Amino acid sequence: MAEITTNQEGMAPANRMKFILGGALIAAAILFLIISSTISTAQYFLTVEELYALGDEAIGRELKVEGVVDGDTIEFDANTLTLRFSVVHIPGDMNEIERMGGLAEAAHQALLDPETLRLPVVIHGPKPDLLQDQAQAIITGQLSLEGIFIGEEVLLKCPTRYESEIPLQVEQE
Amino acid sequence: MIPNVGYFASVFAFGVALYAAVAAWYGSRKGKLAWVESARRAMVLTWPLTSISVLALIILLVTGRYEIYYVASVTSNSMPTYLKITALWGGQSGSLLFWSWLMAAFASAAGLRKWDRDREFLPWVALVTMATLAFFLSLTVFFENPFARIWQTASGEQVYALFQPADALLFVPYDGLGLNPLLRHPGMIIHPPMLYLGFVSFVIPYAFAIAALQTGRSDDRWIRITRRWTLVAWIFLTLGLILGGRWAYDVLGWGGYWGWDPVEISALMPWLAGTAFLHSVVVQEKRGMLKHWNMVLVILTYALVILGTFFTRSGLLSSVHAFAESAIGPMFLAFISIMSAASLFLLIKRWDELKGDEQLRSVLSRESLFLINNLLFMGILVVCLWGVIFPLISELITGTKLTIGEPFYELAVGPLLAGLLLLMAIAPSSTYGRTSWRRLVFAIRIPFLLSLLAPSIFIIRGIFTWYALLGYWLATFAALTTLSEFCRGAWARRQRHGESLLSALGKLIVRNRRRYGGYLVHLGVVLLVVGIMGIEMFQTETQGTLALGEQITIGRYVLIYDDLQHYPQEDVRLNTRATLSVYRHGKLVDEVNPRVDYYYDARQSMTIPGLRSTLLNDLYVILWEWESNGLEAATFKVYHNPLVNFMWLGGVVFILGTVVAAWPSHASLGGRRSMLRKLERQP
């Protein structure tokens, strides 16, 4: 492309058009990038209940599941580096959790209730530092035919530890 | 006593900030300068007042006054003093107070500057900074009081309040819960304050921009005044981001440094907008163009600062960083909405007065390349924002929550980053006004040809991954054109002044700090990119369970497992430390000590990697498991991270370049010096 001709007073209409077109092209390319990347990488983010509600449709699909870790079920085999645990259902809606008395209380209730839906999880890899009873877990992976969630990655948060109520067993002075 | 003093100092500071905002507005409205001056003094007063509050909280934290709810929830007897101090920003209410304190410091500093030449800006700067400060202080005063005590009612319930509720007794736990072990690291002393500093210092350029809009000064005075503030904000934000990455690499033990977590992105977004702003203000200063755009960018940066703070604290996003959550979210949303709406209203009102002095003439001119640079930065920003809000939007529209993670960002940001590197390679050789293809190609021909060597070397070494070849070619191209700018400038000085090449180079940088500081930043970015591509594209890993004396191989390295020891620490930790000898080509080169710290009080362990760092690569060893393997055997995960240290080195060069650019300019220093000389000469 040769140098663009302009008139002295400002931008020639043809020149202006070129800039608008160029800008629009870049914007369109960015939009395309975002849309195509979203389509190719978006994953379901489900609660345990929602995962079971999907039924067979969920099997073999890459997705994320959220639940509360049941500490009694944690098993780790260091020789094969296999980690097994169960997560119990916790509502995905923040308002509902607030109504239940906050995340820590909701997690506590969910674990005590035998009716709560549970999902067995298997992960190959190390035992994460934060994996403990009542931790909130977000697991990425696939549901197998046997109904076990084969995780690839687990993200953990411990709502009970920080900014929680001061434990009652501490002595009063 | 101390909690009450702390709390009422906050209340007083809140009142003073409110007064300053109102007085500034009233004084400017009615043309009463005494009111504006009073507002300025009130503005300066907010810092000592908030300092009293912060000091009170620090005293409470350090002396272990566990009847204060905040103290009990973030400190414990076993924590060392420095960690007790850093617990100031370890939880929600404390970090809000800390935020306000930093904000007050910046506002006071702005209040103390010389206002001789731009007095008309003062009331509006006072109004904006004080309104922002009053907002943050109102959160600590009314919603998240860090000085609240723990009270136990007759029914056994715990109530948190400053003063004694009826039928309740003060409850004093004998120990606190302690800070989250992840935060008990020296890195945590610097990382959050740097981010906060970056956040709050962006408020100042925004305040001046609003002042310029309100007073109808369409020139670039506000930009010249705030240039250094913006650079300082940028240094802090950059430092915060880099230190956060380094902390994650050193402490979190997952072999990474950046996880595209919503909270990380919340800190990155204002940085992106701020970086675009730093580039586009140059065009306004040089050509009097992009005035609307600069206003939009500075408003956006400010909004993103508040939004970032909101995202971190609202609990709206699933994030590993959400240490501090609470229900103050709606307050933030209201504040962002009001400030953005008011700013945009002002901008639209002044739209016609902000018309540029010049027009874009050539697609290859420096100003139009700056504009493309801005588009790309905005592109990355939109990608980030989309990634963060996509789960919320998808849930709202389809009823099912969908998420996008790391792969999305890598796919979408990669090409935009490549575009920015290309611009970095071309733009310095382009000129303002008009540039022809021929002239530009001529200017970059040598760096271009030399840069082709980089992919050639890769191909010779058997690496054919196209994006690696493209990435390293672009990085080399950008580095070479930038270096050639230094060479060309130094050579010209040498010819003109007959200086040695080294002294010519030094003087070149000192005389044109802003330009060459900027180029240094570019070199830092290139190093960063080289490091990031190294670890992202060429990282290898292996794992294995070893008995004592057994070995594991990764690349050219052989690691032999020598020993495992437990060391009880004073701060209720148990260190379990393994020792591995590192051999390269059969020769012992180093020893690494991966370890796991178990915190009894938090019943949580932390995995600290063992590192062997050289410029070209890192050996990153994690101790995974030992006890259940049977006696003396242990499981390790080993990463080989090529070129990762270029990333940290790039960070250092980046900061250095920004400091050079922000340093007081030679002209102003020289001016002052010559004035001093004149004064000395006077009898």
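## An exposed glutamate

A:Glu152 is exposed, with a relative accessible area of 51%; exposed means over 50%, using a 1.4 Å probe and counting protein chains only. This is a predicted model: local features need pLDDT of at least 70, side-chain atom pairs count only at pLDDT 80 or more, and totals for chains, interfaces and linings use all residues. Residues are numbered from 1 along each chain as its sequence is written, chains are lettered from A and ligands numbered from 1 in the order written, and side-chain values use heavy atoms, with hydrogens and water left out.

## Its strand and its neighbours

A:Glu152 sits in strand β6 of chain A; a strand is a DSSP run (E) of at least two residues, numbered from the N terminus. Strands pair when DSSP finds at least two bridges between them. In that pairing, A:Ala137 faces A:Leu156. The two strands make a hairpin with 5 residues between them, and A:Gly147 in the turn has a positive phi of about 85 degrees.

On the parallel side of things, β4 (residues 118-124) of chain A pairs with β6(A) over 3 bridges, and A:Val121 stands opposite A:Phe149.

## A tucked-away strand in chain B

Now for a contrast: strand β11 (residues 604-608) of chain B is largely enclosed by the rest of the structure, because 5 of its 5 residues are buried, meaning under 20% relative accessible area. B:Gln604, B:Met606 and B:Ile608 point one way, while B:Ser605 and B:Thr607 point the other.

β10 (residues 595-599) of chain B runs antiparallel to β11(B), joined by 5 bridges. B:Arg595 has B:Ile608 as its bridge partner.

Conventions:
Helix = DSSP H or I, 4+ residues; strand = E, 2+ residues; numbered from the N terminus.
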